[in-house]
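Reader: I would like a close look at a single helix and at what surrounds it. Please take me through it step by step, with the cut-offs spelled out.

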Amino acid sequence: MIVAVCIKRVPDSTTKVRVAADGKSIDPAGVEWVIGPYDEIALEAALRLKEGGKASRVCVLCLGPKEATKEVRTALAMGADEGVLLVDGGGDRDAASTAQALAAELKAQNADLVLFGWKAIDSDQAAVPHLVAAALDRPCVSFVTKLEAGTAAMMCHREVEGATEVVEVPLPCVLTAQKGLAEPRYASLKGIMASKKKPLVEKPAPAASAAVRTVRMDLPPARPPGKMVGKGVEAVPELVRLLRDEAKLL
Amino acid sequence: MPGILVYVEQAGGVPRKASLEALGEGARLSKALGAPLSAVAIGPGASAAAAEAARRGASRVLFVDTPAAKAFLPASYGRAIAGAARALDATLVLLGASAQGKDLAPAVAARLGTSPVADATGSAVEGGKVLWTRPVYAGKALARVVNEGPVTVASLRPNAFEPGAPGGAAGAVEAFDPGIPESDLKVILKEVLAPAAKRVDLTEADVVVSGGRGLKGPEHFHLVEGLAAALGGVVGASRAVVDAGWRPHAEQVGQTGKTVSPKLYVALGISGAIQHLAGMSSSRCIVAVNKDGEAPIFKVADYGLVGDVFEIVPALTKAVLAAKGG
């Protein structure tokens, strides 16, 4: 079984966001870029399938700027066998356009199992995996927290609103990783050295297009300055009074 | 005039809250755009949910209750909603961004040849077009997006839109068969573990009470649960305590957990790391209890209380119960 893992280069979750001069994107100054945390979980799950003898190859696919070579290389250092970076030439690209580019490449790779993180933590859309699945005409199971590979199907646990569903999905398919599926490893020194010899292909991504466009980006309105109600148990009655009379919540 | 279609997610004939909010927003946009409002409900019980939608401003409501629509799957339900949109000539499809809605928005969009607008928190009509507000970077920024294509599929964040009210003439309710093929039913549900007790989802709750590292251990979370119960809310957790294995990931609030905007958010023993703040700063009222008066959580709190959670929480729980009782 060949496994493809799609990863995205995103700002680290500790990033303090500032709006760029164009007024519709974030200022990249000082941003630390990482593999999307859920994508990393997907990658870890793929590596474990390989180590468990269930997968023969793990291919990493990324659509992003030239700089995303760093994230693809990191994935190789963690243990992926090969990487493809579709270098984005710029311009507005919506989720559908991203999915088209990824789907075309995935078709060529012919991977049996395609793994994504359930969402990218920058655009927060959770859209691309389902769009890719539709483009490839494959079933998609989201929010996977446990994975077992059979010969012709995957057995998945998926976490939905307090319950865990156990579902069986035939290969080929698309799955999205939720936290809990696998704790991502750190790249070892040996892995880092080995990654330098692994194939990393860069090719231009198909031209971007967008029906859904961001026209403006703002910081959320600052919350009005709060009230320090007080210290210790003595302040509890005043807090309850404020919640009842001022906030009208009790 | 092309219309608006709302997908009504339901269980046992009862529409869920996020879908009532989608109906409310649908009714408002219907007025602003002069477009007719319709709805579709799917699965066992769909006809009762459809009737409820028809009482809430939808002039035509389809229900799909065929054997192939028995269980939710993004492929089959996505096809049914896309089919309903075509049948009703709707060019704007609205869904609640529940777990189902998160799956469905892109699945429907794919079948209607567009890209979804995911997890919107606001809308404005400008020049006949809808300008959507959607949080990005877990709410650290707000993007205003437009769809310049002919069809829009938007999922709406729970608790961000006002639900509609029943009233007016009831619309027409009709059965609809979208012709779901066998090939849409490849995913087979084998079992449901820990079946969801009648529990409100974190993202839909009016009150969320979250605990952090200040609780010192999982054995002390009964304090969080007690206050949540007194306030009629649900329990959330910080990333630190989820990573430590004290609480399940389903309860995590923050950039790698859930983004919530309840009426009341209570943070107990949570210092307020930036990735946690991103997930709860849009709550209407925030109460923070922390022993460190300099903790960042107090910067976003409407009401801050400095002190020991082990002393304050039991007293607060008692006082809340007393206030509610009287």
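Author: This is a predicted model, in which local features need pLDDT of at least 70, side-chain atom pairs count only at pLDDT 80 or more, and totals for chains, interfaces and linings use all residues. Residues are numbered from 1 along each chain as its sequence is written, while chains are lettered from A and ligands numbered from 1 in the order in which they are written.

The part to look at is helix α3 of chain A, residues 95-109; helices (H or I, at least four residues) and strands (E, at least two) are DSSP runs, numbered from the N terminus. Just after α3(A), A:Asn110 takes a positive phi of about 60°.

Among the buried residues of α3(A) are A:Ala95, A:Leu102, A:Glu105 and A:Leu106, where buried means that 20 or more other C-beta atoms, placed from the backbone, lie within 10 Å of the residue's own. The buried residues of this helix pack against β1, β4, β5, β6 and α4 of chain A, and also against α4 of chain B.

The contact as a whole takes 73 residues from chain B and 67 residues from chain A, two residues being in contact if their C-beta atoms, placed from the backbone, lie within 7 Å.

How values were computed:
The expected span of a helix is 1.5 Å times one less than its number of residues. A residue is buried if 20 or more other C-beta atoms lie within 10 Å of its own, exposed if 12 or fewer, and partly exposed in between; C-beta atoms are placed from the backbone.
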